[in-house]
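The points can be checked one by one against the view below.

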Amino acid sequence: MLTTESAAGPPLVANAGVGVHGINTAVDVFRLPDLWQLHLYGYSAAFAVDGRWHELRPGTVSLVPPGTTVEFRYRGRSEHLYVHFAMPGRRDPLAGNAFVGDAGSALPVLRELLLDAVAAFPTSPSRSAAAVWAALWRVSDLADADADALTTAPGNPVVAAVVRRIEERLAEPLVVAELARIAGVSHNQLTRLFHEHVGDTVVGYIASRRMARALHLLRASTLSVTAIAAAVGIPDLQAFNKACRRAFGASPRALRLGR
């Protein structure tokens, strides 16, 4: 994963725009040998990075290193914001892992930054690069927040797939039976796999991830408590308050103040 600390300066933007796909062909397979790809999606599709499949939906963001083969399988007309760029001063320009995840509460800011990058690119490359640089910081924050979850169970594809699903849909109702159905296993089998590879129940894991994201947003953002509660899938404020007290021994307000 590209980190902003690992670069000597802002990106060099080679191109930025709105990609329109899925009209003449339902599948695209390609790579950019020397450039990073930053995409913000407004559609649902299947997406593979070096053969590893992800489910795209509106609000998904991806950051893919140079030389990586990607495959898109569209479901009709598909538009996304994209930036192709190089990072100066990196000693390992081809190294890094792709990131694919839900932009979550960062979506409005990311969209505005990338729209600014697209609009500025033809006449003001420096302004475009500045907007992309700011967007990369946001994506880096998202990757840091999700890092623990994405490496929880690398040895089991079922658990890894369910973990990714949980991370992508943390703001939505999550039912163990539905997660098991999507993963193609029984409720009992999924429960057993989670105990074996994660050391927790599925319900317990979801709760811990919701609280970890809530704590991050309370301390790192100015989002209202109401918005944070909704963003982590606990829209009832009383229930959210109880969950914070149970997990951290303090109210959301106290956690925001660092108490």
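1. Is Ala177 buried, partly exposed or exposed? With a relative accessible area of 44%, Ala177 is partly exposed, because that class covers values between the limit for buried, under 20%, and the limit for exposed, over 50%. The model in view is a predicted one. Ala177 belongs to helix α4. From Ala177 to Thr191 the C-alpha to C-alpha distance is 9.9 Å, and the two are 14 residues apart in sequence.

2. Arg169 sits in the loop that runs between α3 (157–168) and α4 (176–183). Its relative accessibility is 17%, so Arg169 counts as buried. Leaving aside residues up to four places away in sequence, Arg169 touches Arg57 and Leu174.

3. Asp50 is also a loop residue, located between β4 (45–49) and β5 (52–56). Asp50 counts as exposed, because its relative accessibility is 56%. The phi angle deserves a look: for Asp50 it is near 50°, a positive value in a residue other than glycine. Most residues other than glycine have a negative phi.

4. Next, the sheet. Five strands form an open sheet in the order β1-β8-β3-β6-β9, and the pairing is antiparallel. At the edges are β1 (12–21) and β9 (99–102), each of which pairs on one side only. On average, neighbouring strands of this sheet are turned by 15° against each other, direction ignored.

5. Within that sheet, β1 and β8 (residues 78–86) run antiparallel and are joined by 9 bridges. Gly17 stands opposite Tyr82, a residue of β8. Strands of a sheet pair through backbone hydrogen bonds.

6. Which strands does helix α1 lie across? Helix α1 (residues 107–120) lies across β1, β3 (36–41), β6 (60–64) and β8. Relative to β8, helix α1 runs at about 65°.

7. The second largest pocket holds about 500 Å³ of space. It is lined by 24 residues, and the closest to the pocket centre are Ala103, Ser105, Ala106, Leu142 and Leu217. Three helices, α2 (125–150), α3 and α6 (202–220), each supply at least two residues of this lining. The largest share, 5 residues, comes from α2.

8. What is the make-up of the lining of the second largest pocket, in nonpolar, polar and charged residues? The lining has 10 nonpolar, 5 polar and 9 charged residues.

Methods
Residues numbered from 1 in each chain as written. Predicted model: local features only at pLDDT ≥ 70, side-chain atom pairs only at ≥ 80, totals over all residues. Heavy atoms only, no water. Helix = DSSP H or I, 4+ residues; strand = E, 2+ residues; numbered from the N terminus. Buried < 20%, exposed > 50% of the residue type's maximum accessible area, 1.4 Å probe, protein only. Contact = heavy atoms within 4.5 Å. Pairing = 2+ DSSP bridges. Axes fitted to C-alpha atoms, helices over the stretch in contact; angles between N-to-C directions. 1 Å grid on protein atoms, 1.4 Å probe; cavity = no way out; pocket = protein on both sides within 12 Å on 5 of 7 lines; lining within 4 Å. Points joined across faces, edges and corners; volume = space filled by probe spheres on them. Nonpolar A, V, L, I, M, F, W, Y, C, P; charged D, E, K, R; others polar.
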